[in-house]
Amino acid sequence: MTSSPARIFGLRTILVLVFAFLYIPIAVLVALSFNQGGLPTVWSGFSLKWYASLAGNAAILSAALNTLIVALVSTAIATLLGTLLAIGVEMRRQYGSGLEALIFAPMIIPDIVLAVALLSFFSMLDFTLGLHTIILAHVVFNLAFVCSVVRARLKSFDWSIVEASADLGASAVTTFRRVTLPVILPAVVAGGLLAFTLSVDEFIIAFFTAGAGRASTTLPMQIYSMIRFGITPEINALATIVMAVSITALTLSQRLNRGVIGQ
């Protein structure tokens, strides 16, 4: 059944309004990060001085370094464990819905609930809060996302080639390195990029599991502490940089995912 021109026009109008509602505030933030004046809502000319001022801000540079450390370390651990978990689950397909729920629970549990649970767990173990607890907390929820991406690739994996490799005398490590890993590598990289993006952007869990002081402050936490005193073009510039890094990593992850799903 063909749609009438009025119906098509109405649907397109709704689509335009939805995208405008979503992306106009982001576009305004990016534009005002290049604003020459100090007022965050009044345009007074193009300038890069707010980006230059970020390079001389010790607190922001320290937070950026902490964010990079947390993202890289937690991504590496979550990618390794998530890949092994995905392979283990797919090799033993006789699992119930309970195991499936346990694997993906961190993806659906509200961040505030997971943050309080992790804080309580660290307190029970008498852990001193710091970058190490943020990393462990990020591994918890990133692991589920990596496992999900890798499992999507393993759904179409031919396990008979693994059996053939074993029949030819290859060890389990050799089989994984020469057979399994090359096939699933795009999914592993995509899962790692997704985990990196989530770790860079994450605020609530980092806020609850971080220690006191600048030593464990991440960029989202730094932005939160700055925004309490009002929005400035410097905050807009910092938010633009974080958003650009996240979009780049997410785009690469989606491109790799598209190739994985298409295979």
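1. How many nonpolar, polar and charged residues does the lining of the second largest pocket have? In this predicted model, that lining has 9 nonpolar residues and 1 polar residue, with no charged residues at all. The pocket in question has a volume of about 150 Å³, and its lining is made up of Ala64, Thr67, Leu68, Ala71, Phe196, Val200, Leu219, Ile241, Val242 and Val245. Helices α3, α8 and α11 (233-262) are the elements that give two or more residues to this lining, and the largest share, 4 residues, comes from α3.

2. Rolling a probe the size of a water molecule over the atoms shows where empty space is left. With a threshold of 30 Å³ or more, the count comes to 1 cavity, and about 30 Å³ of space lies in the largest cavity. Its lining consists of Thr67, Val70, His138, Ser199, Val200, Glu202, Ala206, Thr218 and Pro220, with α3 (58-91) and α8 (172-201) as the elements that supply two or more of these residues. By class, this lining has 4 nonpolar, 4 polar and 1 charged residues.

3. In soluble globular proteins, nonpolar side chains tend to be buried together. The largest nonpolar core here holds 16 residues, of which Ile60, Leu219 and Leu238 touch the most other members. At least two residues of this core are supplied by each of α2 (49-55), α3, α8, α10 (219-227) and α11, and the largest share, 5 residues, comes from α11. Leaving aside neighbours within four places in sequence, Ile60 is in contact with Leu54, Leu219, Gln222, Met226, Glu234 and Leu238, a list that takes in Leu219 and Leu238, the other two residues named for touching the most members of the core.

4. Not counting residues up to four places away in sequence, Thr209 touches Leu118, Leu119, Phe122, Leu129, Gly130, Thr133, Ile134 and Ala137.

5. Turning to the chain as a whole, the protein chain contains 11 helices and 0 strands, and its C-alpha trace spans about 70 × 65 × 30 Å along its principal axes. Of the 263 residues in the chain, 38% are buried. Among contacts between residues at least 6 apart in sequence, 74% join residues that are at least 24 apart. The accessible surface of the protein chain comes to about 14,900 Å², with 72% of that area belonging to carbon and sulfur atoms.

Terms used:
Residues are numbered from 1 along each chain as its sequence is written. This is a predicted model: local features need pLDDT of at least 70, side-chain atom pairs count only at pLDDT 80 or more; totals for chains, interfaces and linings use all residues. Side-chain values use heavy atoms; hydrogens and water are left out. On a 1 Å grid over the protein atoms alone, a cavity is a set of points where a 1.4 Å probe fits but cannot get out, and a pocket is an open set with protein on both sides within 12 Å along at least five of seven lines; lining residues have an atom within 4 Å of a point. Grid points are joined across faces, edges and corners, and a volume is the space filled by probe spheres set on the points. Ala, Val, Leu, Ile, Met, Phe, Trp, Tyr, Cys and Pro count as nonpolar, Asp, Glu, Lys and Arg as charged, and the others, Gly among them, as polar. A nonpolar core is a set of buried Ala, Val, Leu, Ile, Met, Phe, Trp, Tyr and Cys residues joined through side-chain atoms within 4.5 Å. Buried means under 20% relative accessible area, exposed over 50%, partly exposed in between (1.4 Å probe, protein chains only). Contact means heavy atoms within 4.5 Å. Accessible areas come from the Shrake-Rupley method with a 1.4 Å probe; for residues, only the protein chains shown count as cover.
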